[in-house]
Amino acid sequence: MFGDERCVCAIQRIGIGAKMSERFFPDGMPQPLADTTTLPFWEAAAEHRLVVQRCADCGQTRLPPSPVCAECQSDRSDWQEVSGLGEVYSFTIVHRPLAAEQSLPFVIAVISLEGSGGLRMISNIVGIAPEAVEIAMPVELVWEDMSETLAIPRFRPRS
Amino acid sequence: MSGRKACIVGVGETQYARWGKIGDVTEHALACQAIQRAVVDAGLSMKDVDGLASFAEDRNEATFLAAELGLPALRFANMVWLPGGGGGCAAVGNAAMAVETGQAEVVVVYRSLCQGQFFRFGTGGVDASAPPDPAPPTVQPANSLMLASMGFAMPYGLLMAAAAYALPTRRHMHLYGTRPEQLGLLAVTFREHASRNPRAVMGQKPMTLDDYFASPMIADPHRLFDCCLESDGACAVVVTTEERARDLARRSVEILASEQGAPQGYAFGPFTNANIADEIYATGGTEEMAKRLWGKAGLKPSDVDVAQIYDHFTGCVLMQVEDYGFCARGEGGAFIESGALKWNGGSLPTNTHGGSLSEAYIHGLNHVVEGVRSLRGESTSPVDGAEVCLVTSGACVPSSALVLGRK
């Protein structure tokens with residue numbers, strides 16, 4: 001398991017007291033859980049970089065991060081930053097809260113990420129009325145700083 | 001090893017109740033009661049039992065139950081590594097493998113749930129009314145592979161199964177024009193089946209399509225009545241050899257085929273994995289497995305007389321009837337609309353007990369129990385002359401299935 005020191009590094013990189021983003025969800029939302037394999041995703045997120053894991057040997061990308069490449073069995077990988085442009089692959093409008101004072105309903109979506117080698121990720125759609133969300137809608141990344149050490153990638157309609 | 005062909009000789013269950021209603025009996029005491037009843041139903045004694053099998057990270061460990069129940073020796077103790085409700089049929093399949101190889105003579109498969117004593121599955125274990133932790137939110141250590149994977153779902157509020165399985169269902173609606181009315185008809189059909197079943201938690205609560213549309217939206221397109229019940233209760237199934245079954249009073253039920261598993265790259269399915277192959281995202285993930293199952297059984301979908309299909313959510317049933325080949329991909333909605341799943345006159349009477357939507361949510365082992373009853377002619381919604389029954393376990397997760405035959 002990783003120690004606190006790696007999170008502290010992330011704080012130092014983004015700088016304590018950095019300007020906090022617009023907020024969409026309350027502090028009490030479930031927090032990410034990570035192990036040493038998946039932590040680099042969240043460390044990059046703290047720096048507002050959305051990354052996917054890429055096999056250093058065959059170039060195949062993958063999410064969530066995993067120890068070996070399922071294509072070529074290599075355990076060597078690096079991290080590729082993506083643009084944050086994407087489109088809605090599927091979604092659900094949720095009417096039950098996860099945390100106190102959460103505004104309802106909210107949208108959970110699967111986003112196809114441009115330039116990621118065909119990957120998708122689970123996230124939220126914000127900045128639009130939930131009933132207006134549609135599959136294939138173009139979206140763009142928006143970071144939500146939950147704290148000085150935790151930024152969550154969410155998506156909104158492309159401007 | 002023809003004499004060692006596995007069959008099911010007994011089934012049993014406790015009272016089924018709404019979640020939290022069984023608070024004065026422990027979950028393992030309930031498991032013991034279900035196992036006892038199934039063994040009595042088989043005409044066997046606990047002294048005959050030498051194996052126990054379960055699934056989905058069962059809290060009620062086989063080793064302790066074996067001691068509590070007085071098994072003379074525990075020769076087979078099995079847990080299926082398929083999360084959620086995907087492993088019920090696999091546990092029966094593993095029991096069958098154990099008796100066919102001679103590892104054990106009599107294996108009891110069991111499932112017990114007292115959600116009020118632990119947590120409600122439907123909430124994902126989150127108490128939204130709790131005050132937030134005063135510490136600033138940050139990344140927390142994951143102490144299991146499952147939790148590290150959940151780390152890519154949880155921060156977005158994806159913790160409820162109702163939301164997770166809305167994702168493939170919504171995509172199915174987008175691709176094929178599947179409509180809420182079709183999901184609603186499925187829920188209404190299973191409720192009607194439950195109305196004849198005295199064990200069904202919702203047996204006395206009729207449902208119309210208007211009631212369905214009036215039920216509150218949980219995770220669009222899932223309304224409350226698209227979601228299975230959350231129940232307390234236990235059930236059990238006794239597996240032994242045909243040779244042994246010949247001496248027993250009850251009509252035994254043949255296990256014609258059993259399959260289990262997940263497609264390549266599936267992991268836990270759409271709950272945590274957004275990168276399931278596009279061609280199987282809007283499916284139950286069980287199409288490949290279904291082909292293996294029919295091949296093993298030497299049967300085709302049209303040979304099935306009655307089906308017990310895992311119904312955690314209506315859309316997952318719709319996608320499974322396509323996966324198992326009862327209709328073409330994308331035609332599940334029309335298939336349901338045709339009345340195919342109805343006990344009275346449908347081409348594929350399904351969930352004759354009411355299913356998890358209306359009988360009880362015992363992680364689908366109650367579907368195996370009903371499969372056995374339907375072939376013994378003991379279902380409360382009997383299908384005349386039924387000889388072949390398909391039973392499936394949770395779809396949109398790694399899954400398993402059985403084809404049962406009347407002997």
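In the predicted model, chain A follows the pattern α-β-α-β-β-β-β-β-β-β-β when read along the sequence. This order corresponds to two helices and nine strands in chain A. Of the 159 residues of chain A, 52% count as buried. Among the contacts within chain A that have a separation of 6 or more, 56% are contributed by residues 24 or more positions apart.

Helix H2 of chain A, which spans residues 39-46, has eight of its eight residues buried and is therefore largely enclosed by the rest of the structure. The buried set consists of Leu39(A), Pro40(A), Phe41(A), Trp42(A), Glu43(A), Ala44(A), Ala45(A) and Ala46(A).

The peptide bond from Leu104(A) to Pro105(A) is cis, with omega near -10 degrees. Pro105(A) lies in the loop that runs between strand E5 (85-94) and strand E6 (106-113) of chain A.

The contact between the two chains takes 49 residues from chain A and 45 residues from chain B. Chain B and chain A bury about 4200 Å² between them, and 65% of this area is on carbon and sulfur atoms. On the side of chain B, Pro137(B), Phe152(B) and Tyr156(B) supply 21% of the area buried against chain A, more than any other three residues. The number of salt bridges between chain B and chain A is zero.

Within chain B, the packing of two helices was examined. Two packed helices are described by the angle between their axes and the distance between the axes. The axes of helix H7 (residues 180-194) and helix H12 (residues 314-323) of chain B come within 9 Å and cross at roughly 100 degrees. An angle of 65 to 115 degrees counts as roughly perpendicular, and H7(B) and H12(B) are therefore roughly perpendicular to each other. In this contact, H7(B) contributes Leu183(B), Leu186(B), Ala187(B) and Phe190(B), which meet Thr314(B), Gly315(B), Val317(B) and Leu318(B) of H12(B). By class, the contact of H7(B) with H12(B) comprises six nonpolar residues, two polar residues and no charged residues.

Most residues other than glycine have a negative phi, and most peptide bonds are trans. A cis peptide bond joins Asp220(B) and Pro221(B), with omega about 10 degrees. Pro221(B) is placed in the loop between strand E7 (217-220) and strand E8 (222-223) of chain B.

Positive phi values occur at Ala56(B), where phi is near 60 degrees, and at Asn351(B), where phi is about 55 degrees. Ala56(B) is located in the loop between strand E3 (51-55) and helix H2 (62-69) of chain B. With a relative accessible area of 9%, Ala56(B) is buried. Asn351(B) is found in the loop between helix H13 (332-337) and helix H14 (355-358) of chain B. Asn351(B) is likewise buried, with a relative accessible area of 0%.

Definitions and conventions. Residues are numbered from 1 along each chain as its sequence is written. Chains are lettered from A and ligands numbered from 1 in the order in which they are written. This is a predicted model: local features need pLDDT of at least 70, side-chain atom pairs count only at pLDDT 80 or more; totals for chains, interfaces and linings use all residues. Side-chain values use heavy atoms; hydrogens and water are left out. Axes are lines fitted to C-alpha atoms, for helices over the stretch in contact, and angles run from 0 to 180 degrees between N-to-C directions. Helices (H or I, at least four residues) and strands (E, at least two) are DSSP runs, numbered from the N terminus. Angles under 35 degrees count as roughly parallel, over 145 as roughly antiparallel, 65 to 115 as roughly perpendicular and the rest as oblique. Contact means heavy atoms within 4.5 Å. Ala, Val, Leu, Ile, Met, Phe, Trp, Tyr, Cys and Pro count as nonpolar, Asp, Glu, Lys and Arg as charged, and the others, Gly among them, as polar. Buried means under 20% relative accessible area, exposed over 50%, partly exposed in between (1.4 Å probe, protein chains only). Buried area is the accessible area (1.4 Å probe) that two parts lose on being put together, summed over both. A salt bridge is a side-chain nitrogen of Lys or Arg within 4 Å of a carboxyl oxygen of Asp or Glu.
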